[in-house]
Amino acid sequence: MKRVVLLSLACLVGCAHATKTAAVAKKDPEAKSAAPKNGEPKEGEPKKPAAVRDEMSTSATTKAMFKPDGLKVMQKALQDKKVEAIEVTGKFDTQTQEALRVFQKAQTLPDTGLPDFETLRRLGLEPDDVYQPSTPAERLGVQ
Amino acid sequence: MIAEAERPVEYGIAAAHEAALHPPPGLRWYRQRWLWVLLAVTLVVVGVRIALNPVATALLHRALADVDGYEATFDPVQVSIIPLSMTVPNLVVVQDDAKGIEPIVRVPHLEARLRWRKLLRGQVVASASLERAKFVITFGVSKVTPQLEEAARKGVEEIKKNEFNFGAILEKVIPLRVDRIELKDCEFLLTDATDGALPQFWVSEVQLVVDNLVTRKSLDEDVPLMLTMRALVAKTGVLKVLATANLHAEKPAFTGQAQLDGLRLESLYSWTKAKAGLAVKGDLNVFVNFNSAEGKLNGDVKVIARNIEVDAATGKLTDELKATIATLAVKVLSDRVEGREAIATVLPLRGTIERVDAQIWPTILGVIRNAFVQALDFGFADLPRATSPTKEGALPQLGKALDKDESAPKAQPTGGGK
């Protein structure tokens, strides 16, 4: 028990020291470790809100699951169905997912908001209109 | 036929009697034979239709009775000819030696279908759908069947010897295409029975679709297996998974991403209290990217924990100390970006599917860089993380992590492959 208390106190002291260092580092504009961070305002500027929330984008590898125009084709099909007002962006963004969810709910399909094969068929598309015939891992390899 | 039918009216009742008793030679024999055939076919169809449901129910009872360690009950099965399908209502599976514990599976509606058109061409194309199913997994109580346990043991041995060939295993299964497996509005309850407080964890509103699961490459219709999923974790975090795979190679190839968005840590109170004696507030966001082919694996797990507050869940001194230390650590390591105050990093996973190397140094340096140099972006935009061409020591990595002009800490090469 004694050892636990001592160890905890040591950690507390360590953390407090680290906090101080961090605070000092932040004040010193020359120090590399205190360089302005993403979204952090320069001196005198008002603070900006938190980093913009990414709209369920895709990673570089997942993007390669889709055919180059696959997402646009799907968005156009969603537009034609007039389920939701949707813009053709070619991106797998929130509006596309929400439109897919609304469409899936209307069709009593599992509403994942993600394009499964049956959803695509009911949009009048074939899976290979949107998806590549093989996985990105096979096509592009793994580094 | 019309003339035949009208004859009794035309000739009167006596004439009809005469015609029935003494039909013209040749016509009498044929008429009787067709009547009998028609009657027999009708009887067979009606008999089969009547017997189909009880027979299917009995067959399913027998099949489920063979599963060791579990007891299954369900309402009478309904079989449909067009479309060819079988519906199992109210399937409940209970673990034999876990009396008093909730059923491990409860499925109000399970439906399996076969496609007639494909069946007539000699292909078995099936699909299955589960609606409002509830799965209960109790750590320390739930167990797998002996058959599954044995299969898992063999699989682990083969992986260790690097002899695991998934494509070859699939070739042993009958040629089959499972067109679609879907879970609609299902939920999973995970309980830790090894802990006296029985902490619980819910994954609810599960919507899951697996498309194109085939046992032969030739059956896949030029699209790979696809998995899409959306669920609610601990009633607060939205989980989305999008993945694709080819299971026919010696080492399966797969690519995908998973995102857990906005999981409120206070919804995990029973776990944090039971395991650490702490009450944690804040929200957790996790982004996972994975890619694997020919045995090589490249994955990244980005964790962003925002607005974290830690308190002791009990009045114990040790818990109070732990909470104080954690609060200080959060204060030091958060990025102090207004509105998020996030602790964030990326954990690179490299190596092979048999031996995954979770890289600790880039992860720790990621936390430091996020806190003092550059806040980590939200989302998948910067995934996957680059891998350094040559292996670097901890100090050079630290130097780069603290340099704003350098990119985020890179994953370290590990080799690997087939």
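**Exercise 1. Is A:Phe117 buried or exposed?**

Solution. The relative accessible area of A:Phe117 is 2%. Buried means under 20%, exposed over 50%, and partly exposed in between (1.4 Å probe, protein chains only). So A:Phe117 is buried.

The model is predicted: local features need pLDDT of at least 70, side-chain atom pairs count only at pLDDT 80 or more, and totals for chains, interfaces and linings use all residues. Residues are numbered from 1 along each chain as its sequence is written, chains are lettered from A and ligands numbered from 1 in the order in which they are written, and side-chain values use heavy atoms, without hydrogens and water.

**Exercise 2. Classify the pair of A:Phe66 and A:Tyr131.**

Solution. Start with the rule. Rings of Phe, Tyr and Trp (its six-membered ring) pair if their centres lie within 6.5 Å; planes under 30 degrees apart are stacked, over 60 edge-to-face, the rest tilted. The whole structure holds eight aromatic pairs over all chains. In this one, the centres of A:Phe66 and A:Tyr131 are 5.2 Å apart, with 20 degrees between the planes. The pair is stacked. Next, check burial. A:Phe66 is buried at 4% relative accessible area. A:Tyr131 is buried too, at 0%.

**Exercise 3. Classify the pair of A:Phe117 and A:Tyr131.**

Solution. The ring centres of A:Phe117 and A:Tyr131 lie 6.1 Å apart. Their planes meet at 55 degrees, so the pair is tilted.

**Exercise 4. Which residues form one aromatic cluster with A:Tyr131?**

Solution. A:Phe66, A:Phe92 and A:Phe117 form one aromatic cluster with A:Tyr131.
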